[in-house]
Every structure is written in C-alpha cells, then in structure tokens.
Amino acid sequence: MTSSAGTPSLIRLRNVFKDYETSAGVTRALADVSAEIGSGELLGIVGKSGSGKSTLLNILTGIDRPTRGEVLVGSTAIHALAEGQLATWRGRHVGVVFQFFQLLPTLTVVENVMLPMDFCDTYPAHERQDRAFALLDRVGIADQANKLPLALSGGQQQRAAIARALANDPELIVADEPTGNLDSHTGQAVWRLFGDLAAAGKTVIVVTHDAEVTGWVNRVIGLADGAITADRTTHPPNQTTTFHA
C-alpha cells in the first residue's frame, strides 16, 4: 500500500478514536482518524491547541492507546501490543524529539546519546560510544560530545536530542514542537536536519505551530476537534544530503 504522497506506507491509521474520561464526562480527543504515512515522508501535523495533535503523536508512538481503531507501523499492530511489548517496540523503532530537549543534565552529551542503546541493548557495548560520536558528528556537534547539556546552546541541545533519537536506527522519528524553544535561524537548521533524515529514508513526523511549516515538509495534515480537516502534499526546497543514521 502507498500513502497519499505516493510512497510505500509505513504507518496506517484506521478509524482511530480516542476518548478521555473527565469529571465533566467523556472528552473526544480524536474522531475517526484514518491516514497512511509513507516511508521517507517529512510530515507536519498542524492545528490549534486542543485540536488533537499531541494525542495523535502519542497514539502513533504507542505512548497512548486508541479507544477504538487500528494503528499499524510496518507489520506491527501496535494498538494490540501489551505494555511490555510496546516499550520494547518503541525503544527499537521510534525516536522522539521534545521541545525542551529532555537531555539528562548529569550525563555528558555523548552519554545521553548512548542511553537508548544501553536500554535496548541494540549494539554491542564496545560499539556504542563510537556510534554516539558518529551520530553527533552527523548532526554537527561532535566537538560538544564531552560537555554537559547545559553548556550547550538551545540549538546544540536539540541537535543532541536528534542524535539520541537516532541512536537505535529507528525508521520513525517524531517531534513535538521541536523548534518552539529556538530562534528562527536555529529552527531553520533543525528543519533542514529533519529534511536530511527524510531524504535518507526516515519517516519524520513533526507536530508544530511553525507558520513556515509548508516550506519544509512534504505533506501537511491539519487537525481540528480531533478530526483531519486537511491533508495535502507540499513542495519544500530540494535538499541534498549525505546523512546516514
């Protein structure tokens, strides 16, 4: 199967609903969401606060479960996995980038990048540090590897967080407002890096309020009141890359 962008589908959402019980009753966060997202897409998810963007991202990564409907990533029906299986699957197949970086402040940058490999045991122990240094080099901050995160600028910390997200070579990278805490110049550099990753075959999904999103992504999905209100392909600038995770 292929996505609306014409690439082989990595993710398939089928009639996904998400309801939350609140003191005022049931709140519907997602309402009958169906979509296919292709391998190598750079997808922007946009919408106002409360539109369901972060809920959708949590559903895609297995952090949250749909009330009903199906979520398939590759050949895995993640909505049907037990909690332990979900944690293992997520560690190996998903890299997450946060707005506020979430680097551990008492570990050096290279140690932060090694953490996912340590937790998931994806690479032999003697290879992990070299891989972490290589990833930091590919995001342009190898010279910061032995510093603590707070010694880095915001843009450098976000690049470190992207390197950490790539540690286990996941096919899916998701980012929640990754440029929201950065100045415009640094934010553009992060968008270019995401474009490089997509060009290298990663599927990159970014939840964003960035008004310039259509200049960077291949496709935009708009949400309102938990439903998809727009789904269109875009034409970002061509990018040349030698990035390999």
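Trainee: Before anything else, what do helices and strands mean here?
Mentor: Helices (H or I, at least four residues) and strands (E, at least two) are DSSP runs, and they are numbered from the N terminus. Please keep in mind as well that this is a predicted model.

Trainee: Okay, where is Glu177 found, then?
Mentor: Glu177 lies in the loop that runs between β7 (172-176) and α6 (184-199).

Trainee: And is Glu177 buried or exposed?
Mentor: Glu177 counts as buried, because its relative accessibility is 11% and the cut-off for buried is under 20%.

Trainee: What about its phi?
Mentor: Although Glu177 is not a glycine, it has a positive phi of about 50 degrees. Asp32, which is not a glycine either, has a positive phi of about 55 degrees, but the place of Asp32 is in strand β2 (residues 25-38). With 41% relative accessibility, Asp32 counts as partly exposed.

Trainee: Switching to rings, how many aromatic pairs are there?
Mentor: The structure holds one aromatic pair. It is formed by Trp191 and Phe194, whose rings are 6.1 Å apart centre to centre with 80 degrees between the planes, which makes the pair edge-to-face.

Trainee: How are those two placed along the helix?
Mentor: Trp191 and Phe194 are separated by about one helical turn, because they are three residues apart in helix α6. Trp191 counts as buried at 1% relative accessibility, and Phe194 counts as buried at 0%.

Trainee: Last one: which charged end sits over the ring of Phe17?
Mentor: That is the charged end of Arg68, which sits 3.8 Å from the centre of the Phe17 ring.

Key: Residues numbered from 1 in each chain as written. Predicted model: local features only at pLDDT ≥ 70, side-chain atom pairs only at ≥ 80, totals over all residues. Heavy atoms only, no water. Buried < 20%, exposed > 50% of the residue type's maximum accessible area, 1.4 Å probe, protein only. Phe/Tyr/Trp six-rings, centres within 6.5 Å; stacked < 30°, edge-to-face > 60°. Lys NZ or Arg CZ within 6 Å of the ring centre and 35° of its normal.
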